Amino acid sequence: MDGNRRPEDMVRISTPELAEKFIQEQIAEVRRQVGSRKVLLALSGGVDSSVVAALLLKAIGDQLVCVHVNHGLMRKGESEAVVTLFRDQLGANLIYVDASDRFLDKLRGVADPETKRKIIGGEFIRVFEEEARKLTGIEFLAQGTIYPDIIESHGVKAHHNVGGLPEDLRFELVEPVKLLFKDEVRVVGTALGLPKAMVYRQPFPGPGLGVRCTGAITRDRLAALRESDAILREEFERAGLEGKVWQYFTVVPDYRSTGVRDGKRVFDWPVIIRAVNTVDAMSATVPELDWAVLRKITDRILNEVPGVCRVLYDLSPKGPATIEWE
């Protein structure tokens, strides 16, 4: 049977009992494949790579080496949360690389969305390759490939950006969740004891905030984006909207608008709130949010985020609009 083909009679993992059975099966399979050798994993903090990391820690412990690259385009507190959970709480052998300045310097003055994506993806590969070459005894590369990745991209999880590593590294792949759908991965993550915030983390593009800070990225506008996004997520949680709205985030476009602050004219940025509901991400609708919630978010962003003078709510469904702005 093709190892990348999901058996037609495979039971969907929908309960803690089925998840535990799957975990024990994969622990045995990983130990059989890896033996006493070492495995390298790019740990982004997303649900797929996090579940793989937690599973491999149970299977092979410190034979797993995790690398978390902070490209400066993460949401507020995300890199810190990855380090705290996996290195400090779970005892993982985790290498943290703060490459923020490196990425942002490369992106300076680049406005085209596709060029930004290529720079971020290419630089990630280079940083990860550099870290891999510093290590000895690594024979395997773990990836959070899931079944839709196999269907859509022929087995290469392109958005993890490690498919482009040089061939001379000659890593054998370890992909313990490659036959699972996303909902099944979440059930397994819960059974492994990962935090709910990580297991049910919203979809986050590979380029991170780089495609929500539209046009040429500047550090001050990126800071405004990060802070406004954190406020939005905090207020959605307080309002009980977490889990009820599929995805929500802010966008800070690369143009300014006139405003008034302390009796003086200012020329500051708008913040755009984007919230959508969808089943398959092929189409999406915009939820009708309570006015009091929107007003509270607006007040906090205008009062707490420097350089912002307007807050807007994007009412555009998909299509004709896309979910992301770039």
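Tutor: Tyr147 counts as buried, at 13% relative accessibility. The model is a predicted one.

Student: Why is Tyr147 called buried?

Tutor: Buried means under 20% relative accessible area. Tyr147 stands at 13%, so the term applies.

Student: What makes the pair of Tyr147 and Phe181 edge-to-face?

Tutor: The ring centres of Tyr147 and Phe181 are 5.6 Å apart and the planes stand at 85 degrees. Tyr147 belongs to helix H6 (residues 147-153) and Phe181 to the loop between E5 and helix H7 (182-191), so the pair ties together parts 34 residues apart in sequence.

Student: Why is Phe181 called partly exposed?

Tutor: Its relative accessible area is 26%. The term covers values between 20% and 50%, so Phe181 falls within it.

Student: What makes the pair of Phe124 and Phe128 stacked?

Tutor: The count comes to three aromatic pairs. In the pair of Phe124 and Phe128, the centres are 6.3 Å apart, with 10 degrees between the planes. Phe124 and Phe128 are four residues apart in helix H5 (residues 113-134), which means a separation of about one helical turn.

Student: How do you know that Phe124 and Phe128 are buried?

Tutor: Phe124 has a relative accessible area of 13%, and Phe128 has 1% relative accessibility. The cut-off is under 20%, so both residues are buried.

Student: How do you know that the length of helix H9 agrees with its number of residues?

Tutor: Helix H9 (residues 219-238) has 20 residues, which should span 28 Å at 1.5 Å a residue. The end C-alpha atoms of H9 are 29 Å apart, which agrees. Buried residues of H9, among them Leu222, Ala224 and Phe236, belong to a set that packs against elements including helix H4 (100-107) and strand E8 (264-276). Just after H9, Gly240 takes a positive phi of about 75 degrees.

Student: Why is Ser50 called buried?

Tutor: Ser50 has a relative accessible area of 0%, and the cut-off is under 20%, so the term holds. Ser50 is placed in helix H2 (residues 47-60). Leaving aside residues up to four places away in sequence, Ser50 touches Leu43, Gly45, Phe86, Leu194 and Met198.

Methods. Residues are numbered from 1 along each chain as its sequence is written. This is a predicted model: local features need pLDDT of at least 70, side-chain atom pairs count only at pLDDT 80 or more; totals for chains, interfaces and linings use all residues. Side-chain values use heavy atoms; hydrogens and water are left out. Helices (H or I, at least four residues) and strands (E, at least two) are DSSP runs, numbered from the N terminus. The expected span of a helix is 1.5 Å times one less than its number of residues. Buried means under 20% relative accessible area, exposed over 50%, partly exposed in between (1.4 Å probe, protein chains only). Contact means heavy atoms within 4.5 Å. Rings of Phe, Tyr and Trp (its six-membered ring) pair if their centres lie within 6.5 Å; planes under 30 degrees apart count as stacked, over 60 as edge-to-face and the rest as tilted.
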